Amino acid sequence: MTDRLNAASAASQRVRSPYSNWFYLPAAIIFGTLFLLPTAASLFFSLTRWTLFDYEFIGLANFVQFFQEPFLVKGLINTLIYGVATSGLKVVLGLLIAVLLTSDVVARGYLRSVVFFPVLVSTVGVGITFTVMMHPTQGVINETLHFFGIKGPQWLSDPWLVLLSIAFVDVWKGVGLATVIYMAGIVSIPQDFYEASTIDGATGWQKFWNITLPLVRPATVTVVLLSLIGGLRSFDLIWAMTKGGPGFTSDVLASVVYKQYQAGFYGLSTAGNVVLFVLVGLIAVPLSIFFNRREIAL
Amino acid sequence: MKRASRYWVGGLAILVSSVVFLVPFAFIVITAMKDRKAAALRELSWPTSFHLWDNIMEVVKTRDYMLITALVNSTILTVASVTLLVITGAMVGFVMQRRPSIWTSVANFLVLAGLIIPPAVVPTIWVMQSLGIFKTLHGMVLIEVAYGLSFSIILFRAFVATIPRELDEAAIIDGAGPLTLFFGIVLPLLRPVVVTLVVVQSVAIFNDFTNPLYYLPGNQNATVQLTLYNFQSQFNTSFNLLFTNILLITIPPLIIFVFFNRQIVAGMTAGAVKG
């Protein structure tokens, strides 16, 4: 009797929990249908020749094609270069600017606003603006260089330079975010460390190298992971500036996916998506595990 | 930093940052003010005659007032997506923080997956087509919600932790059910983080180019970012109009930046310090 009573009250308590698991439902439905289901389906459809209405199972043929066609391989390599270049530059420049902006330099508010504002501007707009400014003969950049007697490079038509030019614009647009993340990290370092090191006679460089750099680690982790994941998936800036050209020299995985989709090769496009997924996973997951482990060890 | 170096380092920083970060914006504004011929020179020179208003009128009229349609579409898309993101994200963040269970770990894993995994494009179109929401604005809203949920949940879960449980308990003793508790007590207390999320996600969704390109094709449905892309070929020889368009769609983020600078930075650096 008491057992049944207890069970009943326990059951009613579970039902009446003020934190209802039903609250997961709306988010779960949207996320499940439009994100999880397509992701799971992509694993299957990447193995098919697919027209949306009909599919034919062809095994790994799409992936074989992906690693044999030179322009698809080029896209894969470019993705890696682009991701590493943008995130590396954002870490270095972001940290330098953040150190400057957390010192007692004049006009900090102005500087922070100027550096951060591009983060909020339309990527396509930025892409078009820089495409016009990077015109080899009539663009503002090369005309300025010409004024100083320097012959500017062909930013967007030199096959060796084009990807780095776009990466540069990406850094221009994104370094503000890295900067504010680093600023938050630097501000949270206790001042005592700096005061103690001043008493011990440390130079500015020693303070930076031995105090700031190790203690902004969490911010570095965030900046590296955010910009790597963003850089590897990057599409809109590249598409607005060169559409992957000239030739295929600035194609990345995301633009390959779009081109194959436009051309109607849905299976191949989906295979590209899976390759991108695996690439991002292979880089981001070990990196975050590695970073987090180091942090616990500290 | 010594007194003197404080000034010359600052001066140098102002000079460099102005050249690097302000010149592109100056170029946009100046080109938008020129007539077609002067703009075609792509020079960073002060316009000899001003045509900003004419340019605006012409851009607005292009393709049967496409920019106005696009502005309406973008506004609906942004407002609807952000509203849904706040409600659904806050509900999940709330329960995740308050009631650890098997679902918490599942949700944690899915949140991370949502942050890392690039969306599978064609399968998503396939799913949307079978549901009849491909090429529709409400379908696009749901896509933005699905892609923004992870960020929203992380932000809300962290903030719910700062609301004392005693408040919940008091409300429960007063007879509040789960819905009253959440919508009546907790959600109003989440206001600071709601503002942050609204600002950050509004900018992101308003500026989103890739997803509307895939899931919302067609001139009737164009969003402002797509007008820019569509006009790019049409205005190939009229840089004045192209840059007027860029100028026009930069204004909403600029307004948000001026009024909500602090919230944006707070939202974007959330979790950065603790990792």
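1. At 34% relative accessibility, A:Lys243 counts as partly exposed. In this predicted model, A:Lys243 sits in the loop of chain A that runs between α12 (236-241) and α13 (253-262). Although A:Lys243 is not a glycine, its phi is positive, at about 55°.

2. Two further residues with positive phi occur in chain B. B:Asp64 has a phi of about 60° and is likewise not a glycine. B:Asp64 belongs to helix α3 of chain B, and its relative accessibility is 67%, so it counts as exposed, the threshold being over 50%. B:Gly132, with a phi of about 75°, follows just after α5(B). The buried residues of that helix, α5 (residues 121-131) of chain B, include B:Val121, B:Pro123, B:Ile125 and B:Met128.

3. The contact between the two chains deserves attention. On the side of chain B, 95 residues are in contact with 86 residues of chain A. The area buried between chain B and chain A is about 8200 Å², and carbon and sulfur atoms give 76% of this area. Within chain B, the residues that lose the most area to chain A are B:Phe21, B:Arg42 and B:Arg99, which together account for 9% of what that side buries.

4. What kinds of pairing occur between chain B and chain A? There are 15 residue pairs in polar contact, both residues of each pair being at pLDDT 80 or more, while the count of salt bridges between these chains is zero. Helix α1 (residues 3-33) of chain B gives the most to the side of chain B that touches chain A, with 16 residues. By class, that side has 69 nonpolar, 18 polar and eight charged residues.

5. The largest nonpolar core has 174 residues, and those with the most contacts inside it are A:Phe116, B:Phe94, B:Leu190 and B:Tyr215. Helix α3 (residues 52-98) of chain B gives the most to this core, with 16 residues. Residues up to four places away in sequence being left out, A:Phe116 touches A:Gly176, A:Leu177 and A:Val180 in chain A, and B:Phe257, B:Ile264, B:Val265 and B:Met268 in chain B.

6. Is A:Thr179 buried or exposed? A:Thr179 has a relative accessible area of 1%, and it is therefore buried, since the limit is under 20%. The residue is found in helix α8 (residues 162-187) of chain A. Apart from neighbours within four places in sequence, A:Thr179 is in contact with A:Gly94, A:Ile97, A:Ala98, A:Leu101 and A:Val115.

7. Over all chains, the count comes to four salt bridges. Side chains of opposite charge can pair when their charged atoms come close. One of these salt bridges joins A:Asp170 and A:Lys90, with the closest N and O atoms 3.0 Å apart. Because A:Asp170 lies in helix α8 of chain A and A:Lys90 in helix α4 (residues 70-102) of chain A, the pair ties together parts that are 80 residues apart in sequence. Both A:Asp170 and A:Lys90 are buried.

8. Another salt bridge is formed by A:Asp251 and A:Lys259, whose closest N and O atoms are 2.9 Å apart. A:Asp251 is buried, at 0% relative accessibility, whereas A:Lys259 is partly exposed, with a relative accessible area of 22%.

9. A:Glu56 also forms a salt bridge, with A:Arg49, the closest N and O atoms being 3.2 Å apart. Here A:Glu56 is partly exposed at 43% relative accessibility, and A:Arg49 is exposed, with a relative accessible area of 51%.

Note on methods:
Residues are numbered from 1 along each chain as its sequence is written. Chains are lettered from A and ligands numbered from 1 in the order in which they are written. This is a predicted model: local features need pLDDT of at least 70, side-chain atom pairs count only at pLDDT 80 or more; totals for chains, interfaces and linings use all residues. Side-chain values use heavy atoms; hydrogens and water are left out. Contact means heavy atoms within 4.5 Å. Buried area is the accessible area (1.4 Å probe) that two parts lose on being put together, summed over both. A salt bridge is a side-chain nitrogen of Lys or Arg within 4 Å of a carboxyl oxygen of Asp or Glu. A polar contact is a pair of N or O atoms within 3.5 Å; within protein, one must be able to donate a hydrogen and the other to accept it, and residues adjacent in sequence count only if both atoms are side-chain atoms. Helices (H or I, at least four residues) and strands (E, at least two) are DSSP runs, numbered from the N terminus. Ala, Val, Leu, Ile, Met, Phe, Trp, Tyr, Cys and Pro count as nonpolar, Asp, Glu, Lys and Arg as charged, and the others, Gly among them, as polar. A nonpolar core is a set of buried Ala, Val, Leu, Ile, Met, Phe, Trp, Tyr and Cys residues joined through side-chain atoms within 4.5 Å. Buried means under 20% relative accessible area, exposed over 50%, partly exposed in between (1.4 Å probe, protein chains only).
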